Amino acid sequence: MEPDAVLTVSDLHAGYGDLDILHGIDLTVRHGVTTVIGPNGAGKSTLLKAIFGMANTTKGTVYLSGTDLLRLSNRRLLAAGVSFVPQGRCNFPRMSVQENLEMGAFTLPQRQAREAVSSIYDRFELLSAKREQLAGELSGGQQQVLEMAMSLVTSPRLLLIDEPSLGLAPMTLKMVLDEVKSISEQGVTVLMVEQNARQALERSDWGVVLELGRKALEGTGPDLLNDARLADLYLGGAALSETAVGDE
Ligand SMILES: Nc1ncnc2c1ncn2[C@@H]1O[C@H](COP(=O)(O)OP(=O)(O)OP(=O)(O)O)[C@@H](O)[C@H]1O
Ligand SMILES: [Mg+2]
């Protein structure tokens, strides 16, 4: 295992029922933000689900430092420091912001839960101002921040986030991805799946391209942004650096 690895995925084969979707993924996640991009159906969500024990793993290992995550129940995963924000908004729209955060803290003892929710309000002023409001009345971007905040209540070391900017307008999308970056800067390692490849890689330390259940490419965020192979497929045209394209 690399010395600075937070999460080490080795030869992961996983899927649903008898069908493997991932065919041997090796991945090292270090401090900072790692973004997974790739076409629809590539297995991006399946990768996060497999790490969180929600897919059927047929082969391989997933280690968080020295802990074998594949042996842990969901509750133990939370205790080990892993949180998961699945694809799509899934907070409780008819409950207040406060009640949603309490739901995020339900595995904690009562006093610890109160303190955890209160520290979330210190961290996210936006949520503090809206604590009595129904979650369903928040804007899309605010709901996504609430989703992430619910997952941070248990003070994870590793946060798995699936498409946080799904369905958001461009300005809101940037706000949410900036928030992801800021979460990582406060010491939480982030493994994120994102369709908005350029916006996500601009805020990522490391990027991985998944195709047909296999890793097609990986590198630092800046390297992938300048990679001509990615430009047309994922970055909406020319690579960020004109010189990188001109070198071809
Ligand atoms: N619960 C499930 N049962 C059976 N097959 C599934 C299930 N969830 C996903 N799949 C299949 O697994 C494959 C990979 O799906 P996955 O959701 O991991 O892709 P993805 O890369 O996240 O795609 P998208 O960009 O559309 O979110 C797809 O062929 C999908 O149909
Ligand atoms: Mg997906």
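Select helix H7 and look for its buried residues (under 20% relative accessible area, with exposed over 50% and partly exposed in between; 1.4 Å probe, protein chains only): they are Leu173, Val176, Leu177, Glu179, Val180, Ser182, Ile183 and Ser184. This is a predicted model, in which local features need pLDDT of at least 70, side-chain atom pairs count only at pLDDT 80 or more, and totals for chains, interfaces and linings use all residues. Residues are numbered from 1 along each chain as its sequence is written, and side-chain values use heavy atoms, leaving out hydrogens and water.

Helices (H or I, at least four residues) and strands (E, at least two) are DSSP runs, numbered from the N terminus. H7 covers residues 170-185 and reaches 23 Å from its first C-alpha to its last, close to the expected 22 Å (1.5 Å times one less than its number of residues).

Next, show what covers the buried residues of H7, including strand E3 (33-37), helix H4 (110-123) and helix H6 (140-152). After H7 comes Gly187, with a positive phi near 105°.

Now select Arg123 and Glu179, which form a salt bridge with the closest N and O atoms 3.0 Å apart (the rule: a side-chain nitrogen of Lys or Arg within 4 Å of a carboxyl oxygen of Asp or Glu). The pair links helix H4 to helix H7, 56 residues apart. Arg123 is partly exposed at 24%, whereas Glu179 is buried at 16%.

Finally, select Asp11 and Lys59, whose side chains meet in a salt bridge of 3.1 Å, N to O. Asp11 lies in strand E1 and Lys59 in strand E4, 48 residues apart.

Note on methods:
Chains are lettered from A and ligands numbered from 1 in the order in which they are written. Contact means heavy atoms within 4.5 Å.
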